[in-house]
Amino acid sequence: MAAEDTRLKDLLPGEWTNAKIDDELVEIVLDQRRHEEAKVKLPGPLAKLVPAQFQSPWYIMLGIGFVFTNVLLLCITILVLTGIGVWGNNQPVGWGLDIVNFVWWIGIGHAGTLISAVLLLLRQQWRNSINRFAEAMTIFAVMCAGMYPLLHTGRPWVAYWLLPYPNVLAMWPQFRSPLVWDVFAVTTYMTVSILFWFVGLIPDFATLRDRAKGRFAQVAYGALSMGWSGSAKGWHRYQHASIILAGLSTPLVLSVHTIVSYDFAMSIVPGWNVTIFPPYFVAGAVFAGFAMVITLAIPLRKWYRLENFITMKHFDWMAKVMLATGLIVGYGYAMEIFYAWYSQEPAETALLHNRVALADAPYSWSFWALILFNVAIPLFLWSPKVRKNLTALFWISMSISIGMWFERYVIIPISLTRDYLPSSYGYYTPTIVDWGMFAGTIGFFLFLMFLFVRFLPMINIFEMKELLHHKEHEEHHNGHANGKAHAHVNGQAGKEEAH
Amino acid sequence: MSATTRPGGEGRDFVKGYEQLVDPAPAQAAAVDEFPHRDSLLQVDRREVLKVMGVTLALSALAGGCRFQPQQKIVPYVVDPEGYTAGADRTYATAASCGGYAIGLLARSYEGRPVKLEGNPGHPSSLGGIDARTLAEVAVLYDPDRHKNPTSFGDFGTWPEFLREVRAELEGGGAGVAVLTPNVGSPTLAGLLEEFKQRYPGAEWYQYEPVHRDSVREGAMLAFGRDVHTVYDFSAAKVVVGFDADFVSEGPGHAAYCRGLAQGRAVSRERTEMSRLYAFEAAPTLFGAMADHRFRVRPSQALAVAQALATRLGLGGGPAATVAGVDAKVLDAVAADLEANRGASILVAGAYQSPQVHALLHAINAQLGNLGRTVVTTEPVLPRPVSNVADIKALTEAMQAGRVRALLILGGNPVYDAPADVEFGERLKAVKLTAHLSLYKDETSSACKWQLPASHFLEAWGDGRGHDGTAGVVQPLIEPMYDTKSAVELVDALLRRSRPGLECVRSHWQPRLGANPDAAWAEALATGVLPGTAAAPVSPTVVPNLLSGLQAPAATGVEMVVLPDPCVYDGRYSNIGWLQELPKPLTNLTWDNAVHMGPAMAKRLGVGQPQKMVGIVPFYGPSDLVTVTANGQSVTAPVYVHMGMADETVLVHLGYGRTQSGQVGTKKDEKRGGGFDFNPFRTTAATYVVPNVQVAKAPGSYGLANAQFHNLLDVTEVDSDRDIIREVTLAKYIEDPKAFGKPTHGIFAGGHGHEGEGHGAEKGEKGEKEKKKGKGLYAPPAEFYDETKNYQWAMTVDLNLCTGCNACVTACQAENNIPTVGKEQVMRGREMHWIRIDRYYRKKGASFDENDPLITLQPVTCVQCEMAPCEPVCPVAATVHSHEGINQMVYNRCVGTRYCSNNCPYKVRRFNFLHYTDKVEQIPVLKLLQNPDVTVRGRGVMEKCTYCVHRINHSRIEAKRKDREIADGEVVTACQQACPTGAIVFGDMRRPENAVAKSRLTDRNYALLEILNTRPRTTHLGRVTNPNPSLEA
């Protein structure tokens, strides 16, 4: 089918051989000069300050990441030494930016799992070039997320009590609490994500091992490749392992954010106690995750000249996923408003008022910011032109990231500011440490991300080769079978194309 | 006794030898001087200095500190003394005094340290109730900033040195010596001071009290031609008309008056009549909030209102029967109501109203036949009643004239709080020898030559008389912790007797103790009351032609009411964090005072509390500043928009803007509070109401720490119908058996899972069955309803009785070691009170008038839900339900996720965001303040009301020892105990005969936020108002 042809062609444009793909992608890791090639124009005074060889995107981004990682460490130190009081949390707002950021990061992680697991099971070949760094993004995002539940406790040194472990007190965690479910959900998610990521890396580690020149790199990648020889048996087991892990990950995509949403949905706080939360949180997570993938992919693609691997087709499809999930999220907001109105519960209607009213609702601006960033701006994605304009796409993705942050901000602290008794109405203002920790986790995320870009292949080498194989096959068939649709025997690609 | 060898203490004033009697100076020198025969250390040679230094160092290292320890043998109990159990608390009767009037207390002591004050049920001024300020006296005792030893010009001094100096001045009849005291209510001290005056005829004794009751006294003199003291019986009054009356929160006998007022308001199916309260007032008071009708009247208008009432009641002779701004219909109705309840009504005015108003109200009370019934006039209670303002004026005039050589200020802080026009501080400089005996080094101390540390009343013997004159002994519970003396001891020392305080007090009462003085004394110590000492009633007659002589002052310009602060009072409690952080009744301000004005006036001035954006986030708006100018003085302070203020009237509070208090009380910056000093506006002519005040907007703003915002119910659509406060009129209550919503479901009432079932007639059977089985989707565990098994604790709070006086809040703080957090933390919304008084405004008529709303108060603490939303969300089971229905908090287990607090619809959980109890760890004396029965919580844990579970367990142990059940009324929670009105009832609800079960069975019982099916164990009894039918719109 002609359409299928263009698809594979679009996914890997240009003339490629296996060796060329290896050269192109391995070089990013093994030839360290690649990271100094692209140059960034720094503003005047900074340009003088930063040595010329560090004026490349990699160094700049890693530098920013490093600085903010230190900000994070500083904030954590202050927090643990002084107490939760250094944050803006108060009575009645027990959870503020801590949990907002937790949910935000967890949500971002979801795109990685969705791309690597769900799209794998659905045989979507276009995932091949973006899955590796999306998975890395997942792991780093979950790392950022994971520190919040730990640190948001008043006494983090005993936070391990949330784990079920045998102890002399004969005390289990209290299993009815969604926070305990959270612990299981997030740790499972983290474990499976790391496993999946690592298993996927093994063939690429072997490639790196084989092509590395330095002894250290050879030993290091050799150890990581766990003796991968590329035998048919190896590939067979690899295929099975990745399908099993994908099967394990797929429910996690749904379960983790469902359980995160239970933290709120299981409570009785007006604005939290909403039955639509699980699906709408999952959709929001995918929404946010894809936005983050695009936000990262656009600059990386440019800096590392990956235009042939991450194509406009990829962006187009990712944008479509964002549009779809964005509409689901928008529907969620509409439903929340509808429920509040339909219930005619005083507390619920008051919450609605508190969210949307322009007067006498100190935080309604954040709701309208959410609608702007998360519902209005993403509507531009209906236009194919916008979907193909990388600048627009980048800023829309940014807008979605901001909007999703606001979503959690509106739901979590703002619902708490006014609940049942007007006497206990309060305000919430984050402090510098709150913002410092948020900026710090972003920095930590960037720091890890750019270390990853430098030392591990950010695009799945062997899957690209597999794609090339399919493409060649396809061209071959196209040439010889007069453009008739053809079922492939080999591998994953075939079944999907049969549709 | 311990301190015979204490240097500088002159011991406990034992005579050490004959020399002392003949010529005290050398003997004292020997007693004081560690290095006798040297005038100063300068005469010691170098070697000796080194020697002494070496020895001192070695000794101080051995002693572990520099303070001289009393040389006593300390032997642990090998065999407990009879009646003593290690670790058990003991209670002693004592009394605290304010303004010369005492309130009887029971002080609870653990191993010799008092930790909690409670009202003495046997004392007529307490009747078991207490107020927040008196409760905090124990924090004064352990205040680390207390003045600890005598200093002279700030340098170390000694008592003998001081006494030597004063005695020198007293030589030759004491001319030129003056003693300034606050109002002295203690018969012993008054007796000693009289004796002092006899001994030194030239000496003068003045009394000054910043929160004086001069106009009450002058009003009585105007009305009756003589000074009489008035005692009210609110329980017998059917109609109470208050003119700026704040007898609920201050003045003599306020705790007892709360009880009386509440008795008149108690209403049930069995007693369907209640008193009707009218309040005419400038600034909202707690009485006004409670009143059935509250009218805003400027301070200068009160007399006109009283006159109009008098005219209507046939007193005649008064001017026009109308008052601008007050509906004639109102006056007619009030007068008719008074007329209809002759002999059973009370007209009462606050201490800040003019003598004319007081006099006229006496006349009306007499006219209505209330005198001798609801209003009892007696001989003055104070031993030497004076006009405080006249006294301080006379003193300063004498000072100015150079007639005062030596001035002994025994308490009070006149440099800070004397009327501005007497220029006390300035005059003080002209006095040669000045000394100030006080608990703190304050403004007056540092203006004096001698700063003398005073003993706290829990450290020294004394006595006092209640509001009805009943005398009681003030027993100390602890040895003086520092080198301090009480006023009694000091005056006795000036009389060259230097007896211990006990001897002074005992010898004063000895002739009055009857035939068997020892037994009578022991009885008085045990009960806290000397029976038969109440002031004798008198029946004065109103002077003729009183009315024609009363001239209402012309209301000119803005009037400013300067009142004592409801929490820190005149500033004496500035350094007490408990009171600084106690939300002031009605405004809920903490840590500061402000210029209160009504919304209309605030709008006119264009001031308020605009919301401020901090970055992109709105924050508690700092209040606009206003400059208040009067009498050539001006003060710039933040504005507080106070709904219910009279037009063009501002209210300010005293006790703030302290320049020299302790670490807590001294005025600091906006972040730490400390308020503004309004004393400069007070003059001898106008101490409470300052007319003709200019108020103008000033640039800048100042953040106030408010524990609550303006909570409007019934105002906007969104806040209506929340079923927070249930309130009906008495008429409706009588006619409609379901006036408070659907009937309750037996003792185990509260939110019921099966709405519409088990109601009314069938409720008995069906409801019974259900609760036995504990069936249904939302039914609570059946064990709560197994009446054979466990105690089931429950509480009710009667909104009809609650005056909102805050006593419960401070009682809880004292009982449960609740920390204070400071202004900045309060501004962040992190105050720790386990019980709070919620305040709501509601519309008065058809629409909400922000200038004139109704005010409703509601105490809320953890309601101990049977189906507690906090419990299932805790990930570590740190909050769990007991079999007795208490929602327990396990501090040790809490990791601090705050999820429980988020999920608490009542928002009664409190989190230790920071290490709020660090001071307790750092400052040893604060450790003494902590209740040993209750854990001191560290940072990162959640806490909340426990129903005083330690008290329950205490009773449980007692009961088990005696093999019986805990009796009804045996467990009394701290809030319940403090409550002067008895609004709080607590107990085991299983037994239908128990008070709490009965209370839960009344048809006024409702569960807060019943709709959530939390099934609270603490329920509220709905409020019944008794408006005058002819004033009903």
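# Close-up views of a two-chain model

**The buried residues of helix α8(B) are Asp214(B), Ser215(B), Val216(B), Arg217(B), Gly219(B), Ala220(B), Leu222(B), Ala223(B) and Phe224(B).** The model is a predicted one, in which local features need pLDDT of at least 70 and side-chain atom pairs count only at pLDDT 80 or more, whereas totals for chains, interfaces and linings use all residues. Residues are numbered from 1 along each chain as its sequence is written, while chains are lettered from A and ligands numbered from 1 in the order in which they are written. Nine of the 11 residues of α8(B), which spans residues 214-224, are buried, so this helix is largely enclosed by the rest of the structure. A residue is called buried if 20 or more other C-beta atoms lie within 10 Å of its own, exposed if 12 or fewer do, and partly exposed in between, with C-beta atoms placed from the backbone. Helices (H or I, at least four residues) and strands (E, at least two) are DSSP runs numbered from the N terminus. The buried residues of α8(B) pack against β8 (229-232), α13 (355-367) and α14 (388-400) of chain B, and just after the helix Gly225(B) takes a positive phi of about 75 degrees.

**Helices α6 (residues 97-121) and α11 (residues 277-303) of chain A pack with their axes 6 Å apart.** The angle between these helices is about 80 degrees, which makes α6(A) roughly perpendicular to α11(A). Axes are lines fitted to C-alpha atoms, for helices over the stretch in contact, and angles run from 0 to 180 degrees between N-to-C directions; those under 35 degrees count as roughly parallel, over 145 as roughly antiparallel, 65 to 115 as roughly perpendicular and the rest as oblique. Two residues are in contact if their C-beta atoms, placed from the backbone, lie within 7 Å. Among the contacting residues are Gly107(A), Gly109(A) and Gly112(A) of α6(A), and Gly284(A), Gly289(A) and Phe290(A) of α11(A). By class, this contact has nine nonpolar, six polar and no charged residues, where Ala, Val, Leu, Ile, Met, Phe, Trp, Tyr, Cys and Pro count as nonpolar, Asp, Glu, Lys and Arg as charged, and the others, Gly among them, as polar.

**Phe290(A) lies in helix α11 of chain A.** With 30 C-beta neighbours inside 10 Å, Phe290(A) counts as buried. Leaving aside residues up to four places away in sequence, Phe290(A) touches Ala111(A), Met318(A), Val321(A) and Met322(A). Phe290(A) and Ala134(A) are 156 residues apart in sequence, yet their C-alpha atoms are 8.8 Å apart in space.

**In the largest nonpolar core, which holds 438 residues, Phe287(A), Val293(A), Leu360(B), Ala363(B) and Met560(B) touch the most other members.** Such a core is a set of buried Ala, Val, Leu, Ile, Met, Phe, Trp, Tyr and Cys residues joined through C-beta atoms within 7 Å. Helix α11(A) gives the most to this core, with 17 residues. Ala363(B) touches Ala223(B), Ala310(B), Leu315(B), Val542(B), Leu546(B) and Leu547(B), not counting residues up to four places away in sequence.

**The contact between the chains takes 46 residues from chain A and 52 residues from chain B.** On the side of chain A that touches chain B, α8 (178-211) and α13 (346-356) of chain A each supply at least two residues, and α13(A) gives the most, with four residues. The residues on this side of chain A divide into 24 nonpolar, 18 polar and four charged.

**Domains 3 and 5 of chain B have C-alpha centres that lie 35 Å apart.** In an assignment whose bounds come from an automatic or database source, domain 3 of chain B covers 229-378 and domain 5 covers 787-999 + 1016-1025. Their contact takes 16 residues from domain 3 and 14 residues from domain 5. On the side of domain 3 that touches domain 5, α9(B) gives the most, with five residues, and by class this side has 11 nonpolar, one polar and four charged residues.

**Arg496(B) is found in the loop between α18 (487-494) and α19 (501-509) of chain B.** Arg496(B) has a positive phi of about 60 degrees although it is not a glycine, and Ser498(B), also not a glycine, has a positive phi of about 50 degrees. Ser498(B) lies in the loop between α18 and α19 of chain B. Arg496(B) is exposed, with 12 other C-beta atoms within 10 Å, whereas Ser498(B), with 24 C-beta neighbours inside 10 Å, counts as buried.

**The peptide bond from Gln91(A) to Pro92(A) is cis.** Its omega is near 15 degrees, and Pro92(A) is placed in the loop between α5 (57-82) and α6 of chain A.
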